[in-house]
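Good morning, colleagues. Please have the sequence and the structure open while I speak.

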Amino acid sequence: PGARRVNALTASLIIAMEAASRPDDPVRAYLLARQFFNAEDYENTLIELTKAEDLGLSEKSQSIKTAAVMLKGDALLLLKKYKEAQIVFQALSGDSAVRIGQREMAKDKARRARFYLKK
């Protein structure tokens, strides 16, 4: 409440500056990956997600880990890397630590990737 509105471009720049100022922070790398995804730069999305994972993102909260894996799968789908996307979503759909709704969403996306593989 009371925070000033920030447009998407300004928000992206702030996140990029934060990520640059703390290159060893996995959450900032993940947030930067989201900005690349929003800009439809899926290759850099995957690069930043890999960096976030290498920096220990999996040791952070379950919700951030799940969001990062879902983002990775979505980027792979959009890059038409259907087999890799299917593997990511299938693993997520079977992870009992993930909420049931997210597992169902991952299962649906795994089916979608499988459909595109057959085309």
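First, the basis of the model. This is a predicted model, in which local features need pLDDT of at least 70 and side-chain atom pairs count only at pLDDT 80 or more, while totals for chains, interfaces and linings use all residues. Residues are numbered from 1 along each chain as its sequence is written, and side-chain values use heavy atoms, with hydrogens and water left out.

Two packed helices are described by the angle between their axes and the distance between the axes. Axes here are lines fitted to C-alpha atoms, for helices over the stretch in contact, with angles from 0 to 180 degrees between N-to-C directions. Helices are DSSP runs (H or I, at least four residues), numbered from the N terminus.

How do helix 2 and helix 4 cross? The axes of helix 2 (residues 26-38) and helix 4 (residues 62-78) come within 11 Å, at a crossing angle of roughly 35°. Contact, meaning heavy atoms within 4.5 Å, is made by residues including Val27, Tyr30 and Phe37 of helix 2 and Ile64, Ala67 and Leu71 of helix 4. By class, this contact has ten nonpolar, no polar and two charged residues; Ala, Val, Leu, Ile, Met, Phe, Trp, Tyr, Cys and Pro count as nonpolar, Asp, Glu, Lys and Arg as charged, and the others, Gly among them, as polar.

Helix 3 (residues 42-54) and helix 4 have axes that come within 9 Å and cross at roughly 150°. These two helices are therefore roughly antiparallel, a term for angles over 145 degrees. In this contact, Tyr42, Thr45, Leu46 and Leu49 of helix 3 meet residues of helix 4, among them Ala68, Lys72 and Ala75.

Now the core. A nonpolar core is a set of buried Ala, Val, Leu, Ile, Met, Phe, Trp, Tyr and Cys residues joined through side-chain atoms within 4.5 Å. Of the 24 residues in the largest one, Tyr30, Leu49, Leu71, Leu77, Ala85 and Phe89 touch the most other members. Helix 4 gives the largest share, six residues. Leaving out residues up to four places away in sequence, Tyr30 touches Leu49, Ala52, Leu57, Ile64, Ala67, Ala68 and Leu71.

Finally, is Thr45 buried or exposed? Thr45 is buried (under 20% relative accessible area), with a value of 0%. Beyond its neighbours within four places in sequence, Thr45 is in contact with Ala33, Phe36, Phe37, Leu71 and Ala75. Gly101, in helix 6 (residues 100-118), is partly exposed at 48%, a class between buried and exposed, the latter being over 50% (1.4 Å probe, protein chains only).

Key
Angles under 35 degrees count as roughly parallel, over 145 as roughly antiparallel, 65 to 115 as roughly perpendicular and the rest as oblique.
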